[in-house]
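Thanks for asking me to look this over. Here are my notes, with the cut-offs spelled out as they come up.

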Amino acid sequence: MTNQNGRFGVHGGQYIPETLMNAVIELEEAYNHYKEDAQFNRELTDLFNDYAGRPSRLYYARKMSEDLGGAKIYLKREDLNHTGSHKINNVLGQALLAKKMGKTRLIAETGAGQHGVATATAAALMGMECVVFMGEEDTIRQALNVYRMRLLGAEVVPVKTGTGTLKDAVSETMREWTSRIADTHYCLGSVMGPHPFPTIVRDFQAVISREMKAQLMEKEGRLPDAVIACVGGGSNAMGSFYHFIEEENVRLIGCEAAGRGIDTFETAATISTGRLGIFHGMKSYFCQDAYGQIAPVYSISAGLDYPGIGPEHAYLHDTGRAEYVPVTDEEAVEAFEYLSRTEGIIPAIESAHAIAYATKIAPVMEKEQIIVITISGRGDKDCAAIARYRGEDIHD
Amino acid sequence: MTRIQRAFDNQKAFIAFITCGDPDLQTTAACVRAAVEGGADLIELGIPFSDPTAEGPVIQGANLRALTGGVTTDQIFDLVRNLRRDVEVPMVFMTYANVVFSYGAERFIATCKEIGMDGIILPDLPYEEKEEFLPLCHTYGVDLISLVAPTSEKRIAMIAREAEGFLYIVSSLGVTGTRSEIKTDLESIVEVVRQNTDIPCAIGFGISTPEQAAKMAGIADGAIVGSAIVKLIEKYGKEAPAYVKAYVKSMKDAITDVT
């Protein structure tokens, strides 16, 4: 899918300071070498299976399907991975690659803390130093994850600049990388940033749709009618979509965080409210004002609270191959509670955006149709925030 | 000879950076005139961006103050129109790719020409992406300034061969900001630059003292100072122009006798 210069249609590219150019060129060369390397792939598969607990389950949500009264619903259980989300897939791949490149230090941004925890975990496992940059606002929203990262031996740096959320954490990690490159790999957490990151992260996350396809063929003997995943930068969605892109009868649906609504300023729905721009190393869609100043976005979900979207998603939107829909805080919180009650599964508030949209379309689909929802992470981390949203004051 | 070439003609150039709209555009205009009176040979005007990923805390702060004050690209174009009534030194914009792209690249670059800007520096537009704006810069005769960094290594020759206006040599790893020491082997970088281009080169990032400026001007054709000036503006606000003039004079004096 990727063109020569990391382009997906007009999107992608490498809009970064000259200081980082040789680093991304070196990364691309290393990745192109190791992705074909049998030993590397064996090691990665062992880590996926024995350490992260892959393959993740494809679970038939019988009660939810019956309750909604339409399509059969399957849940791809990335929440059951070690560290509690899909983030570990990409992190194990990048950490192993960084190690092969001779790097001894990983730096990463994090929003909800899931990517930070996964990076801290891989660093501990591989004996690497780790520094995680996290928006100050998010260190408060996700205090438990800050503790987890420190427990794993990582240093957590609260980012006070800008809005103190995910975009500022990305900016600060980029700044850190320009100051220390020789021993340091930037373990970027989503299908975004400069080439080759969108391609590398997609490839490591593509294990989700590869398994999904095989598991559904085994259980149902057919492909799904729709695959639904939440989208911030878009890594779990890209991983969930990838092996279905060529299967034109499979609807691919990305659920963006609409926050308090796409007609308000408190939203993070990039496709619905953004326009084409250049930021964080890539050309893609961004929430921005008339002069190109990046907008302060909002979502109840710290993991989707990002003003852009990965370039391959922007391309899938342009071509119409994938659909992107906004889901509000209120709808996501209702879905969070619904899945907990109905299936005994507490999803991450990020994943709840995908569940919310599935509850809208499943009832109007035929009973023999199949929806797969990616549960990108587990929701333990969100319980305190959701309780607060509902007016209950509990401590993490 | 272009205005930029004249700034380097038979002398070492002192280049002053100022963030537009920090704390307001009137102060910016006064600071630019003060810098010119102090001896600045070229002015870099920063158009603030919400997320300046190449800047350290000092210039980040200036960007934030300017945007909080409500400054826009159109107001900055008006500032330049005003300045060009009497300011004759070359001026270049320093901003981020999205500010140009979002305004409409052609509209932005055509306006640069119309109001008398000589070039544009975009720290997030490396060699590989310069086609984004270069053809328009050629159409309108605005120089797209290239940067080389301590990590550029084999890329230096490639970048220098196609560089226009002047070449911006980034002195150190990391973001903008004052540094007590600059350790990069800048002599070697400048040597490669000179083998590959006739245009002048100036060193920036981390320079704040007259001694550093003299040393950098000894290696290259000029020195660029940003954060140290922005710090004065942060500290003295509307009273800053007098301090900027005195500071620029001390820096220009330090490089005047350098050969």
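1. **Ground rules.** This is a predicted model, in which local features need pLDDT of at least 70 and side-chain atom pairs count only at pLDDT 80 or more, while totals for chains, interfaces and linings use all residues. Residues are numbered from 1 along each chain as its sequence is written, and chains are lettered from A and ligands numbered from 1 in the order in which they are written.

2. **Confidence.** The predictor assigns the complex an ipTM of 0.97 and a pTM of 0.97. Chain B has a mean pLDDT of 97, with 100% of its residues at 70 or more; pLDDT is the predictor's confidence in each residue, from 0 to 100.

3. **Chain B, overall.** Chain B holds twelve helices and nine strands (DSSP runs numbered from the N terminus: H or I of at least four residues for helices, E of at least two for strands). Its C-alpha atoms fill a box of roughly 45 × 40 × 35 Å along the principal axes.

4. **Chain B, packing.** Of the 259 residues of chain B, 59% are buried, meaning that 20 or more other C-beta atoms, placed from the backbone, lie within 10 Å of the residue's own. Among contacts in chain B with a separation of 6 or more, 74% join residues 24 or more positions apart (a contact: C-beta atoms, placed from the backbone, within 7 Å).

5. **Where the chains meet.** Chain B brings 32 residues to the contact and chain A brings 28 residues. On the chain B side, helix 3 (57-68), helix 5 (97-103) and strand 6 (147-148) each supply at least two residues, and helix 5 of chain B has the largest share, six residues. By class, that side of chain B has 16 nonpolar, ten polar and six charged residues (nonpolar: Ala, Val, Leu, Ile, Met, Phe, Trp, Tyr, Cys and Pro; charged: Asp, Glu, Lys and Arg; polar: the others, Gly among them).

6. **Domains of chain A.** Chain A is divided into domain 1 (7-48 + 87-201) and domain 2 (54-84 + 206-389), with bounds from an automatic or database domain assignment. Their C-alpha centres lie 22 Å apart, and the contact takes 39 residues from domain 1 of chain A and 37 residues from domain 2 of chain A.

Methods
A residue is buried if 20 or more other C-beta atoms lie within 10 Å of its own, exposed if 12 or fewer, and partly exposed in between; C-beta atoms are placed from the backbone. Two residues are in contact if their C-beta atoms, placed from the backbone, lie within 7 Å.
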